[in-house]
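Biologist: Can you walk me through this one? I'll ask as we go.

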Amino acid sequence: MTKTSPKKYHPIQVTLHWLVVLLVVAAFVMGKSMSGLPNDANKLAPLALHMSVGVFTLVVIVTRFITRMKLPKPEHASAGNAFFDWIGKAVHYALYLLVFLTAVSGMSLSMQAGLVPIVFGGSGSPLPADFFDFTARMLHGFIVPALLLLVLLHVGAALYHQFMLKDNLLSRMWYGR
Amino acid sequence: MISKMKTAGVLALVVGVLSIFAGGMAMRGWNPGYSVLDWLPVYNFVMGVLTVFIPTILLWRESRHAGASALIFFGVHAGATVLLLLAFRDVVATQSMLAMTSRLAVWLVILALIRASVQKTK
């Protein structure tokens, strides 16, 4: 018996995809708006939210990868060029990796700076004067722009498929038949 | 009997968990009794997490990408060891170099197991 590929992603995959989008955008906006604030008590609440969103993103991206392996998925959409097709596949995997690494580097920073007891435990200890004193902050800062670049590439490619190749690619990542 | 590929997966899991543990403890301020480079615990923690989630799973599932992932991880660790030798020779602790070398040795065993497994299936 031959199995045919579905035309659309499974609704679980669709939900997890858009959830990751929301979480990454939220974490990015929070991180950016927070970076200008002084490291005093007023930063604790936004930091707690940013860290919570980061941990939730890690859980969701791992779940998404596992479901990707388990659930049937449509064939890779061809751009009509072997090199671009290869780039497309590589970008998908790189997106998973960078979202994962962003969260893990954030966790590393939290451990290096001892943030959990300060932010969630109410220890009363002050936040570090400068997060850039920690190697993990540099790593976090290198990965995020790389992720942003890949997201732009991913969105650009999706729009190219949708409006230039007119293959209705976006409908694959939405609900319905 | 557990296959060579799965044995390699278990070894990768062990080396990954140890790396997470050592990196995590050092990042949380644990003093191992010798000076540790600032970036080394972060490297250990991140690579440990990646090891548990990528090569370990690929090896356990006996994926066709398992060999490539093991080779990449061995390459990254070899690169980091060379970097320590060349750029941080004066500041890196002997114990850190010993740990890096031991990890490389485990990865060599993993690569040997993968090779043996591939040869057996040919």
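**Two chains in contact**

Modeller: A:Leu98 lies in helix α3 of chain A; helices here are DSSP runs of H or I with at least four residues, and strands are runs of E with at least two, numbered from the N terminus. This is a predicted model, where local features need pLDDT of at least 70, side-chain atom pairs count only at pLDDT 80 or more, and totals for chains, interfaces and linings use all residues. Residues are numbered from 1 along each chain as its sequence is written, and chains are lettered from A and ligands numbered from 1 in the order in which they are written.

Biologist: Is A:Leu98 buried or exposed?

Modeller: A:Leu98 counts as buried, because it has 21 C-beta neighbours inside 10 Å. The cut-offs are 20 or more other C-beta atoms within 10 Å for buried, 12 or fewer for exposed, and partly exposed in between, with C-beta atoms placed from the backbone.

Biologist: Which residues is A:Leu98 in contact with, leaving aside neighbours within four places in sequence?

Modeller: Those are A:Ile143, A:Ala146, A:Leu147 and A:Leu150. Contact means that the C-beta atoms, placed from the backbone, lie within 7 Å.

Biologist: Switching to the chain A and chain B contact, how many residues does it take from each?

Modeller: Ten residues come from chain A and ten residues from chain B. On the side of chain A, the elements giving two or more residues are α3 (82-112) and α5 (135-164). α3(A) gives the most, with six residues.

Biologist: And by class, what is on that side of chain A?

Modeller: It has five nonpolar, five polar and no charged residues. Nonpolar covers Ala, Val, Leu, Ile, Met, Phe, Trp, Tyr, Cys and Pro, charged covers Asp, Glu, Lys and Arg, and the others, Gly among them, are polar.

Biologist: What does B:Val46 touch, not counting residues up to four places away in sequence?

Modeller: B:Val46 touches A:Leu101, A:Val104, A:Ser105 and A:Ser108. B:Val46 is found in helix α2 of chain B, and it counts as buried with 22 C-beta neighbours inside 10 Å.

Biologist: At what angle do α1 and α2 of chain B pack?

Modeller: Helix α1 (residues 4-27) and helix α2 (residues 40-53) of chain B pack at about 150 degrees, with their axes 7 Å apart. Axes are lines fitted to C-alpha atoms, for helices over the stretch in contact, and angles run from 0 to 180 degrees between N-to-C directions. α1(B) and α2(B) are therefore roughly antiparallel (over 145 degrees; under 35 is roughly parallel, 65 to 115 roughly perpendicular, the rest oblique).

How values were computed. Two residues are in contact if their C-beta atoms, placed from the backbone, lie within 7 Å.
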